[in-house]
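Please look through the sequence and the model below before reading on.

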Amino acid sequence: MAGWSEVEAAAPELAAAVKGRIEGHLHHVVGTLTADGSPRLSGTEARFHNGQLWLGCMPKSIKARDMRRDPRIALHSAPLDPEMIDGDAKLSGTVAEVTDLVAMTDFMIAIGHGGDPENGGLEPGTEMDPGVATAFVCDIDAVTLTKVAVDHLEVTTWTASGGLMVRDVS
């Protein structure tokens with residue numbers, strides 16, 4: 001497993017393309033596992049902060065409960081471009097809930113949820129209420145970008161165990 005900064009160091013071009021897909025839209029699709037092991041798909045916010053990929057959600061959401069119980073996830077970039085000009089990004093790994101209120105507050109301020117306490121924001125130097133939001137930091141096992149070429153798909157994958165691989169699929 002690797003943090004996002006390790007993915008960037010190991011596969012900079014792939015990491016930049018995937019990061020571009022994730023930063024291109026706030027909302028993405030995350031796959032979690034239910035209590036009986038069935039898959040569940042949910043919308044989630046994904047952001048990069050301090051060399052890590054963060055997933056945000058409401059603390060009492062079913063998605064948060066799934067990730068607390070079983071940290072394995074798959075994330076799919078927002079499937080908005082039917083022509084996949086910039087590619088289709090996916091990653092998998094595990095998550096850990098952020099329980100440090102200072103780190104969580106710093107994250108909330110960094111993503112723009114800060115400065116106006118009357119509108120639910122935070123002022124620098126204050127700690128957020130843990131009942132307002134929660135976030136999970138990803139340890140990444142695999143990252144994939146699939147792009148449509150003229151007559152084939154180009155699939156670029158990086159895994160923590162195997163490194164970088166590029167395949168053309170016709």
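## A buried tryptophan

In this predicted model, Trp4 has a relative accessibility of 1% and therefore counts as buried. Leaving aside residues up to four places away in sequence, Trp4 touches a set of residues that includes Ala15, Val18, Lys19, Phe48, Leu91, Ile140 and Val143.

## Two aromatic pairs

The structure contains two aromatic pairs. In one of them, the ring centres of Trp4 and Phe48 lie 4.9 Å apart with their planes at 50°, so this pair is tilted. Because Trp4 belongs to helix α1 (residues 4-10) and Phe48 to strand β2 (residues 39-49), the pair ties together parts that are 44 residues apart in sequence. Phe48 is also buried, with a relative accessible area of 16%, and the charged end of Lys19 sits over the Phe48 ring, 5.2 Å from its centre.

The rings of Trp54 and Phe107 have their centres 4.2 Å apart and their planes at 15°, so that pair is stacked. This pair links distant parts of the chain, since Trp54 lies in strand β3 (residues 52-57) and Phe107 in helix α4 (residues 101-110), 53 residues apart. Both Trp54 and Phe107 are buried.

## The nonpolar cores

The largest nonpolar core has 27 residues, and Trp4, Leu55, Ile73, Leu75, Leu91 and Val143 are those with the most contacts inside it. Among the elements that each supply at least two residues of this core are α1, α2 (12-23), β2 and β3, while the largest share, five residues, comes from β6.

Apart from this core lies another one, of nine residues, among them Val98, Met104, Ile111 and Ala133.

Methods: Residues are numbered from 1 along each chain as its sequence is written. This is a predicted model: local features need pLDDT of at least 70, side-chain atom pairs count only at pLDDT 80 or more; totals for chains, interfaces and linings use all residues. Side-chain values use heavy atoms; hydrogens and water are left out. Rings of Phe, Tyr and Trp (its six-membered ring) pair if their centres lie within 6.5 Å; planes under 30 degrees apart count as stacked, over 60 as edge-to-face and the rest as tilted. Helices (H or I, at least four residues) and strands (E, at least two) are DSSP runs, numbered from the N terminus. Buried means under 20% relative accessible area, exposed over 50%, partly exposed in between (1.4 Å probe, protein chains only). A charge sits over a ring if NZ of Lys or CZ of Arg is within 6 Å of the ring centre and within 35 degrees of the ring normal. A nonpolar core is a set of buried Ala, Val, Leu, Ile, Met, Phe, Trp, Tyr and Cys residues joined through side-chain atoms within 4.5 Å. Contact means heavy atoms within 4.5 Å.
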